[in-house]
Amino acid sequence: MIKTVIIEDEKPASRKLERMLNEFPEIEVVAKIESVEEGVRWFSENEHPQLIFSDIVLGDGLSFDIFEKVPTKGFIIYTTAFDQYTLKAFKLNSIDYLLKPILEEDLSGAVEKFKSFLPSDNSVSSKEIKQLIKTEKTTLSRILVKIGYNLKIVQTHEVSCFFSENKIVYLQTRERAYPSDFTLDELEDVLDQKNFFRVNRQSIVNSDYIKNIHTSPTYKVELEFQPQEEITVSRDRVKDFKDWLVG
């Protein structure tokens, strides 16, 4: 059995996730934790589980605080409604993250990803975990954006480009441009590099939406939908850009 712990301060969300996990016969939920204080105590006194599902924002702090005080020997799948924390989540034994509301197919995919890391005897050392996570680069697949008092999930494959304007990074979709909580440097590190490329200091483009590339006198990228400004490839990035296009 895969010993599993849920860290979630909202009881309805905790119960729902437990019900969803009960559909996996190989998973056993051994504890449910509701706060940073409780988490530090539990992980200090108990054998660490192989798998942890952890919300990020708890009533008394962030769940990151638990694992910074008590380094975990297990894999973590973070659950959150706030995408601005996902970059830090990737650095703390995280193999995946799930944006709320959690979808069954996303949960199933995360569990299968976790199982792919385990050897046949279902055991792995803390050192091996860090090496596996380093080898398996996590990529951002969904972004949560705020529209007034509403939240919207945008799939990264729906984004033609990310661009910076007045110190805010926007993501451009067919409908409109949405502000995000990321920096372009952060995005460059977690976007799928097969599809996304940083063409200059202000823009990252998605190859799926490139409509035309003008090569004279400079390289300019035309997308199916993009901001009004032309997107120019920096001179020092042209060679890498051409290599990326055919890679």
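Modeller: Leaving aside neighbours within four places in sequence, Ser54 is in contact (heavy atoms within 4.5 Å) with Ile7, Ser63, Phe67, Ile76, Ile77, Tyr78 and Thr79. Please note that this is a predicted model, in which local features need pLDDT of at least 70, side-chain atom pairs count only at pLDDT 80 or more, and totals for chains, interfaces and linings use all residues. Residues are numbered from 1 along each chain as its sequence is written, and side-chain values use heavy atoms, with hydrogens and water left out.

Biologist: What is the place of Ser54? Does it count as buried or exposed?

Modeller: Ser54 is in strand E3, residues 51-55. Helices (H or I, at least four residues) and strands (E, at least two) are DSSP runs, numbered from the N terminus. Ser54 counts as buried because its relative accessibility is 0%. Buried means under 20% relative accessible area, exposed over 50%, and partly exposed in between, with a 1.4 Å probe and protein chains only.

Biologist: How many helices and strands has the protein?

Modeller: The protein has eight helices and 17 strands. Of its 247 residues, 45% are buried.

Biologist: Turning to helix H8, which of its residues are buried?

Modeller: In H8, residues 238-246, the buried residues are Val238, Phe241 and Trp244. They lie on the same side of H8 because they cover an arc of only 120 degrees around the axis; the arc is that of the directions from the helix axis to the C-beta atoms. Lys239 and Val246, on the other side of H8, are exposed.

Biologist: What covers the buried residues of H8?

Modeller: The cover includes strands E13 (196-200), E14 (203-206), E15 (210-214) and E16 (220-223).

Biologist: What is the order of the open sheet of three strands?

Modeller: The order is E15-E16-E17, with antiparallel pairing; two strands pair if DSSP finds at least two bridges between them. E15 and E17 (231-232) are the edge strands, each pairing on one side only. E16 and E17 are joined by two bridges in the antiparallel sense, and Lys220 stands opposite Thr232 in E17.

Biologist: A last topic: what pLDDT does the protein average?

Modeller: The average is 86, and 87% of the residues score at least 70; pLDDT is the predictor's confidence in each residue, from 0 to 100. Over residues 125-136 the pLDDT is below 50, and this stretch has 17 contacts in the model beyond near neighbours in sequence.
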